[in-house]
Amino acid sequence: MSALTSDEVLEEGLFRFEGVDELKSSWREGLRPDPFMTVSGWADRHRMLAARASAEPGRYRTSRTPYMREIMDALSPGSPVQRVVFMKAAQVGATEAGNNWIGFIIHQAPGPMLAVQPTVELAKRNSRHRIDPLIEESPALRDRVKPARSRDAGNTMLSKEFNGGILIMTGANSAVGLRSTPARYIFLDEVDAYPASADDEGDPVTLAEARSLTFSHRRKVFLASTPTIRGLSRIEREYEASDQRRYHVPCPECGVMQWLKFERLRWEKGRPETARYHCEACEAPIGEHSKTAMLQEGEWRASATASDPATAGFHLSALYSPAGWLSWQAIARAFETAQGSDESLKAFRNTVLAETWVETGEAPDWQRLHDRREQWQAGSVPAGGLFLTAGADNPEGPH
Ligand SMILES: [Zn+2]
């Protein structure tokens, strides 16, 4: 019996009485067991990318960002993984993968879900710009979701109801939102931008994850973030406690599998267009045109033993960004442009390399600072200036 689908059960004539059509439809809509379909399989079949939310509108293809397949499939009901940790660069397709998971849940494995953004404001924006198009553009989802409405008096939550489940979206700055309801699925997005405490009630990640405990082994938690500062970074702490998977790709020359490291991207100083990736086994320079094939033949390999075997950790830099998104040449150029500014170098490490930034914690001594003075005419901005800021300090103290 258990091998039959709900449709087959109905077709077998096990339910033959008046009102069978109604029963059929409620069975299909609400009582459907978790299928064996994977999130990536679902996305390739049902996900449409909206023109207003995506640079590449049309049908979603997992083959465009093949490294996302294993991450999405760890979020599928058939996987024993319960917690997925993704320490990532910008521009690798992580947001769409998270949206695929949401779509899959609505369509195939309904249940209560909590999706947390750093703030309530960001949750509202995400709902409008990401979740609404996700639902509107995919026919499989459109009919299943009731129109959005805001809940609770404080309006700190947004929700979408669907057959067999509800998606609640809130911010990590709202303890009310995080305590809302038990949730089988928890999506914690950009956790490094979360406040240390939600309304003085404690760590927002802990508060949110507590919502899922009643679902024990059937729960899924997805933590994703671009990292920030070493020691403060939640995603780095989570990744380091995980099995630390890296995406290994084959060298097109010698075939040796390796994960991509920034120090092996080399170019002539001042000429980022000469950037090539150098194989760590044979030193062959690899051009951008080889990237697509390398990504397709890649595989995730763990490099540590997780303290919790139900947690899978993934790390991905923008060196893996697919052709047409962020090229190796653009990365080389961004690195050259960032030189001389700690703020720019930090942004480069965080958003391109997906690595934390180490704060030196010491201001330069006054003589070094004094030596770096430059002469500018008052009221003028030097060429190339993007951001104006000012600071002052009085080392003598008040007079
Ligand atoms: Zn090689």
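A nonpolar core is a set of buried Ala, Val, Leu, Ile, Met, Phe, Trp, Tyr and Cys residues joined through side-chain atoms within 4.5 Å. I needed that before looking anything up, and I also noted that this is a predicted model.

**Entry 1: the cores**

I looked up which residues of the largest nonpolar core touch the most other members. They are Tyr 67, Phe 86, Trp 101, Phe 222 and Ile 331, in a core of 69 residues. I then checked which element gives the most to this core, and it is helix H5 (residues 94-108), with 7 residues. There is also a second, separate core of 22 residues, and I listed Val 116, Ile 168, Ala 183 and Ile 235 as being among its members. As background I wrote down that in soluble globular proteins, nonpolar side chains tend to be buried together.

I followed Ile 331 further. Leaving out its neighbours within four places in sequence, I found Ile 331 in contact with Phe 262, Leu 265, Ala 318, Leu 319, Leu 326, Phe 348 and Val 352.

**Entry 2: helix H13**

Phe 348 from that list is in helix H13, which covers residues 342-351. I looked for the buried residues of this helix and found Leu 345, Lys 346, Phe 348 and Asn 350. I asked what covers them, and the cover includes strand E3 (83-88) and helix H12 (328-338).

**Entry 3: a buried lysine**

Is Lys 291 buried or exposed? Its relative accessible area is 1%, so Lys 291 is buried, the cut-off being under 20%. I placed Lys 291 in helix H11, which runs over residues 291-296. Apart from residues up to four places away in sequence, Lys 291 touches Leu 319, Ser 321, Leu 326, Ser 327 and Trp 328. I noticed that Leu 319 and Leu 326 are also among the contacts of Ile 331.

**Entry 4: the zinc ion**

Which residues coordinate the zinc ion? I found Cys 251, Cys 254, Cys 279 and Cys 282, each through its SG atom, at 2.3 Å. The 4 donor atoms subtend angles of 103 to 113° around the zinc ion, so the arrangement is tetrahedral.

Cys 251 and Cys 282 link distant parts of the chain, being 31 residues apart. Cys 251 lies in the loop between strand E10 (245-250) and strand E11 (257-259). Cys 282 lies in the loop between strand E13 (271-278) and strand E14 (285-286). I checked the accessibility of both: Cys 251 counts as buried because its relative accessibility is 4%, while Cys 282, at 34%, counts as partly exposed.

**Entry 5: Ile 186**

I found Ile 186 in strand E8, residues 185-189. With a relative accessibility of 0%, Ile 186 counts as buried. Setting aside residues up to four places away in sequence, I listed what Ile 186 touches: Trp 101, Leu 114, Ala 208, Glu 209, Arg 211, Ser 212, Lys 220, Val 221 and Phe 222. Trp 101 and Phe 222 had already come up among the residues of the largest nonpolar core that touch the most other members. I also noted Arg 83, which is 103 residues away from Ile 186 along the chain; their C-alpha atoms are separated by 9.4 Å.

Most residues other than glycine have a negative phi. I therefore looked at Asp 199, whose phi is positive, near 50°, and which counts as partly exposed at 45% relative accessibility. Asp 199 sits in the loop between E8 and helix H9 (204-210). Asp 200 is in the loop between E8 and H9. Its phi is positive too, about 60°. At 77% relative accessibility Asp 200 counts as exposed.

**Entry 6: the whole chain**

I counted up the elements last, and the chain has 14 helices and 16 strands. Of its 399 residues, 47% count as buried. The accessible surface comes to about 20900 Å², and 52% of that belongs to carbon and sulfur atoms. Among contacts with a separation of 6 or more, 69% are between residues 24 or more positions apart.

**Entry 7: confidence**

The pLDDT averages 86 over the chain, and 83% of the residues score at least 70. For residues 1-18 I found a pLDDT below 50; this stretch has 18 contacts in the model beyond near neighbours in sequence. Residues 395-399 are also below 50, with 1 such contact. Where pLDDT is low, the predicted coordinates should not be read in detail.

Technical notes: Residues are numbered from 1 along each chain as its sequence is written. This is a predicted model: local features need pLDDT of at least 70, side-chain atom pairs count only at pLDDT 80 or more; totals for chains, interfaces and linings use all residues. Side-chain values use heavy atoms; hydrogens and water are left out. Helices (H or I, at least four residues) and strands (E, at least two) are DSSP runs, numbered from the N terminus. Buried means under 20% relative accessible area, exposed over 50%, partly exposed in between (1.4 Å probe, protein chains only). Contact means heavy atoms within 4.5 Å. Donors are N, O and S atoms within 2.8 Å of the metal (3.2 Å for Na, K and Ca); water is not among the atoms, so sites may look incomplete. Four donors count as tetrahedral if all angles lie between 85 and 135 degrees; four count as square planar and six as octahedral if opposite donors are over 155 degrees apart and all others between 65 and 115; anything else is irregular. Accessible areas come from the Shrake-Rupley method with a 1.4 Å probe; for residues, only the protein chains shown count as cover. pLDDT is the predictor's confidence in each residue, from 0 to 100.
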